Amino acid sequence: MHPITVPRSAVPRSPHTVNATSITEPEARALADAILQVSANQPPAESMKLVDAALARAPNQPIVLNAAGGHMMRSGDARRARELYERAIALDGGSKVLWLNLATACRSLGDKKAEGVALEKALALEPRYVPALLQKAELMERLDNRKEA
């Protein structure tokens, strides 16, 4: 399984306000970093409080949605992670990392078709994106399609 990462490219590089909730890029990054930190160091119930607060504060920030999705994956809730990654992609469909994370959530849910579609999207953005290439090869093996793997 590939690690879930926060896409640094998922947020514009401008220091200006980046959505209607008036949250700045540094604030969004801080929320995403906080999610990652508490997810690794706090019990699930405690960390979920921060995740919920971050999502309430920044519901339209791909970097926050991605970090929350990563927390859900680590907590074993791939269905909720998938929903969060899909929301992030609706806001930033140009992030190969978001597409890969969506593919990973779909894999955890056993949705091979959606996993393949998400991997193709990631590879369309970056044809030599090694994590996506590796996961696609694994998918092809699971589909017993070794020629494409």
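## Chain pattern and composition

Read along the sequence, the protein chain follows the pattern α-α-α-α-α-α-α. The chain holds seven helices and zero strands; helices (H or I, at least four residues) and strands (E, at least two) are DSSP runs, numbered from the N terminus. The model is predicted, so local features need pLDDT of at least 70 and side-chain atom pairs count only at pLDDT 80 or more, while totals for chains, interfaces and linings use all residues. Residues are numbered from 1 along each chain as its sequence is written, and side-chain values use heavy atoms, with hydrogens and water left out.

Of the 149 residues of the protein chain, 43% count as buried. Buried means under 20% relative accessible area, exposed over 50%, and partly exposed in between (1.4 Å probe, protein chains only). Among contacts (heavy atoms within 4.5 Å) between residues at least 6 apart in sequence, 55% join residues at least 24 apart.

Helix H1 covers residues 25-41. With 17 residues, H1 reaches 24 Å from its first C-alpha to its last, close to the 24 Å expected at 1.5 Å a residue; the expected span is 1.5 Å times one less than the number of residues. Its buried residues are Glu25, Ala28, Arg29, Leu31, Ala32, Ile35, Val38 and Ser39. These buried residues pack against helix H2 (44-57) and helix H3 (62-74).

Two packed helices are described by the angle between their axes and the distance between the axes. The axes of H1 and H3 come within 8 Å and cross at roughly 10°, which makes H1 roughly parallel to H3. Axes are lines fitted to C-alpha atoms, for helices over the stretch in contact, and angles run from 0 to 180 degrees between N-to-C directions. Angles under 35 degrees count as roughly parallel, over 145 as roughly antiparallel, 65 to 115 as roughly perpendicular and the rest as oblique.

On the H1 side, Ala28, Arg29, Leu31, Ala32, Ile35, Leu36 and Ser39 meet Ile63, Val64, Ala67, Ala68, His71 and Arg74 in H3. The residues of this contact divide into nine nonpolar, two polar and two charged. Here Ala, Val, Leu, Ile, Met, Phe, Trp, Tyr, Cys and Pro count as nonpolar, Asp, Glu, Lys and Arg as charged, and the others, Gly among them, as polar.

## Histidine 71

Histidine 71 lies in helix H3 and counts as buried because its relative accessibility is 2%. Not counting residues up to four places away in sequence, histidine 71 touches Ile35, Ser39, Ser47, Met48 and Val51.

## Helix H7

Helix H7 (residues 130-142) has 13 residues and reaches 18 Å from its first C-alpha to its last, close to the 18 Å expected at 1.5 Å a residue. Ala132, Gln135, Leu139 and Met140 are buried in H7. They lie on the same side of H7 because they cover an arc of only 145° around the axis, the arc being that of the directions from the helix axis to the C-beta atoms.

The buried residues of H7 pack against helix H5 (96-108) and helix H6 (112-125). Aspartate 144 follows H7 and has a positive phi, near 60°.

Asparagine 101 is found in helix H5 and, at 1% relative accessibility, counts as buried. Its C-alpha atom is separated by 8.6 Å from that of alanine 118, 17 residues apart along the chain.

Glycine 116 has its place in helix H6; at 17% relative accessibility, glycine 116 counts as buried.
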